[in-house]
Amino acid sequence: MTLFGTATQADGLPKRDGRAEQDWAESATPPLGTRIEPLAAAFSAVRSELADLRLRVPGVRGSAVGGVDGLLITHDLPSSLEPHDLAALAATTYGLGRQTALALGQSPFRDATLRSEGGYLTVYAIGDRALLAVLGDDGINVARLHLEARPAVIRLAAALP
């Protein structure tokens, strides 16, 4: 079957001959129209910022950047922690903090810190579409974390596409 001059399958989707995938697998460069370089550079800068934060603040166990929808963008977490869960928890914290600020007539959400017996979770807004979630152990200096993380959030906002 043809649709607008393109061969299609019975389900109406274009036929794929496999050449594009094969060419991509054998080639060092992506197919024309694929935009990998700008995103790779952006995510490299974001991951570097997360690693720097972990090194600058003693007690930071790791961090993740996710969307306000709870989807993971990237992370710097040990393998014992699930980054997708942290991104979802950050979005939940953001939603609660945002609604609280609105109900109280306060400014938009900036950050929220949750303390538990084993440590801290701090969530920072990166603009209005992304979040930085930082996990700290029980001995972390939260004031130092805020001093280091707030400028990092500004740099992350500039680095994210």
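## The main core

A nonpolar core is a set of buried residues such as Ala, Val, Leu and Ile, joined through side-chain atoms within 4.5 Å. Keep that in mind as you look at this structure, which is a predicted model. The largest nonpolar core here has 19 residues, and Val65, Ile126, Leu132 and Leu145 touch the most other members.

Which elements give two or more residues to this core? They are helices H2 (37-56) and H4 (142-159), along with strands S3 (60-67), S6 (119-126) and S7 (130-137). H4 hands over the largest share, five residues.

In general, nonpolar side chains in soluble globular proteins tend to be buried together.

Let's zoom in on Leu145. Leaving out residues up to four places away in sequence, Leu145 touches Val57, Val60, Thr122, Tyr124, Val134 and Ile140.

There's also a second, separate core, made of 14 residues. Among its members are Leu77, Leu86, Ala90 and Val123.

## The aromatic pair

Now for the rings. The count comes to one aromatic pair. The ring centres of Tyr94 and Phe109 are 5.2 Å apart and their planes sit at 90 degrees; planes over 60 degrees apart count as edge-to-face, so that's what this pair is.

Where do the two partners lie? Tyr94 is in helix H3 (residues 83-103), while Phe109 is in the loop between H3 and strand S5 (111-116). The pair therefore ties together parts that are 15 residues apart in sequence.

Are these two buried or exposed? Buried means under 20% relative accessible area, so Tyr94, at 11%, is buried, and so is Phe109, at 12%.

Definitions and conventions:
Residues are numbered from 1 along each chain as its sequence is written. This is a predicted model: local features need pLDDT of at least 70, side-chain atom pairs count only at pLDDT 80 or more; totals for chains, interfaces and linings use all residues. Side-chain values use heavy atoms; hydrogens and water are left out. Buried means under 20% relative accessible area, exposed over 50%, partly exposed in between (1.4 Å probe, protein chains only). Helices (H or I, at least four residues) and strands (E, at least two) are DSSP runs, numbered from the N terminus. Contact means heavy atoms within 4.5 Å. Rings of Phe, Tyr and Trp (its six-membered ring) pair if their centres lie within 6.5 Å; planes under 30 degrees apart count as stacked, over 60 as edge-to-face and the rest as tilted.
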